[in-house]
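The following note sets out a number of points for a colleague who is examining this structure.

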Amino acid sequence: MPELPEVEVVRRGLVDHLQGRRFQQIDVLNPRAVRRHLGGPAEFSSLLVGRRVDVVRRRGKYLWWALDNGDAVLAHLGMSGQFRIGALPPLVIPDSPHLRVRLAFDDGGADLLFIDQRTFGGLSYSEGGADLPSEIAHIAIDPLDPTFDLDTAVAALRAKKTGVKRALLDQTVVSGIGNIYADEALWRARLHYERPASSLTRAQAREVIVAATEVMNQALVAGGTSFDALYVAVNGESGYFDRSLNAYGQEGEPCPRCGTPIRREAFMNRSSFFCPVCQKAPRSSR
DNA sequence: CAAACTACCTGACTGC
DNA sequence: TGCAGTCAGGTAGTTT
């Protein structure tokens, strides 16, 4: 599932393949892919034709393409969204059954394809959004942003009246963290997912955010985490960070620190993986 | 106002 | 073999 490192891998691919190019034709094959654009698919397409992409930016799991008129295209991969570079003619690759949007350019080069099996992702047009789309103004600065401030994030985390994992997944506290890196950060910081965020010492809150930052940086170096074909870079390649996971997806495997089998518990309609010895549950949850 | 809950989606997999 | 049920899970919108 694309979290911050995976989205950053995609962003870098788009920097190479999208920046400086001008749209000639946009085909929305499934209107759900642009459902967040209130004007509808036809308007979305017409707004893009003739526009040039100046720069590809990211905050948390959101991407946006700053256009030459000060507007932007805002994109989210959801759970299964992919941007792929189409084959150059005369090569022909079979269309994915999940192809949602095809973007063609005036330079005759390869198309950009938005492919999304579960259709939770999508594109929209953001007026005046080149610097930061107003639609994502509520999303916190992510730990890979040069302006990220650790003390601000620590204060925001400790101010939440909920469990530490819920708070880590809250994109208005720290952005970019999803279920995989939340579990990995909690394992590294030896914290149980139900530990109240407000009960963390400043040092503990700092430790778990630093752990999240480190694990996401390491995943980025590895090209991201891929369990299946649902997450791939723009060239179709998979990342290999899944080999480095200590907790997530490791139910029954020995904790790399103490050897106790990793446990899985239901949490927020998904799963939490943790070491029951290294990450003791708080009294309140027992 | 903040926290919690739910809808949105498809395909792989499990159990009967 | 088939079919119902489960799971994966990020975000916006709704409810508490």
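**Note on a predicted protein–DNA model**

1. In strand β7, Phe114 is the bridge partner of Val101. The model under discussion is predicted. That bridge belongs to the pairing of β6 (residues 99-105) with β7, which is antiparallel and extends over four bridges. The hairpin formed by β6 and β7 has six residues between its strands, and within this hairpin Gly108 adopts a positive phi near 75°.

2. Strand β7 also pairs with β5 (residues 81-85), again in the antiparallel sense, and here over five bridges. In this pairing Gly81 is placed opposite Asp116 of β7.

3. Because five of the five residues in β7 (residues 112-116) are buried, the strand is largely enclosed by the rest of the structure.

4. The largest nonpolar core has 43 residues, of which Leu157, Ile177, Tyr181, Val208 and Ile209 touch the most other members. Two or more residues are contributed by each of α3 (150-158), α4 (164-169), α5 (179-188), α6 (202-221) and β10 (270-274). The most is given by α6, with eight residues. Apart from this core there is another, of 31 residues, which includes Val56, Leu63, Ala233 and Val234.

5. When neighbours within four places in sequence are left aside, the contacts of Leu157 are Val164, Ala167, Leu168, Val173, Ala197, Leu200, Ala205, Val208 and Ile209. Val208 and Ile209 are also listed with Leu157 among the residues that touch the most other members of the largest core.

6. Which residues surround DNA strand B? They are Arg32, His98, Gln117, Arg118, Thr119, Phe120, Lys160, Lys161, Thr162 and Arg166. By class, this surface has five charged, four polar and one nonpolar residue. Of the atoms of DNA strand B that lie within 4 Å of the protein, 73% belong to sugar or phosphate, and the rest belong to bases.

7. Several phosphate distances can be listed for DNA strand B. Lys161 takes part through its backbone, with an N or O atom 2.8 Å from a phosphate oxygen of DNA strand B.

8. Around DNA strand C there are 16 residues, and Tyr62, His76, Met79, Tyr248 and Ser271 come nearest. The residues of this surface divide into six polar, five nonpolar and five charged. Sugar or phosphate accounts for 65% of the atoms of DNA strand C within 4 Å of the protein, and bases account for the rest.

9. The side chain of Arg118 has an N or O atom 3.2 Å from a base nitrogen of DNA strand C. Arg118 is also one of the residues that surround DNA strand B.

10. Neighbours within four places in sequence aside, Ile136 is in contact with Tyr62, Trp64 and Leu74. Tyr62 is also among the residues that come nearest to DNA strand C. Ile136 and Leu4 are separated by 132 residues in sequence and by 15 Å in space, C-alpha to C-alpha.

11. Thr172 is located in the loop between α4 and α5. Thr172 is classed as partly exposed because its relative accessible area is 42%, which falls between the limits of 20% and 50%. The side chain of Thr172 makes a polar contact of 2.7 Å with the side chain of Asp170. Not counting residues up to four places away in sequence, Thr172 touches His138 and Ala140. Between Thr172 and Pro146 there are 17 Å in space, C-alpha to C-alpha, and the two are 26 residues apart in sequence.

Note on methods. Residues numbered from 1 in each chain as written. Chains lettered and ligands numbered in written order. Predicted model: local features only at pLDDT ≥ 70, side-chain atom pairs only at ≥ 80, totals over all residues. Heavy atoms only, no water. Buried < 20%, exposed > 50% of the residue type's maximum accessible area, 1.4 Å probe, protein only. Pairing = 2+ DSSP bridges. Core = buried A, V, L, I, M, F, W, Y, C linked by side-chain atoms within 4.5 Å. Contact = heavy atoms within 4.5 Å. Near = heavy atom within 4 Å. Polar contact = N/O pair within 3.5 Å; in protein donor to acceptor, adjacent residues only side chain to side chain. Nonpolar A, V, L, I, M, F, W, Y, C, P; charged D, E, K, R; others polar.
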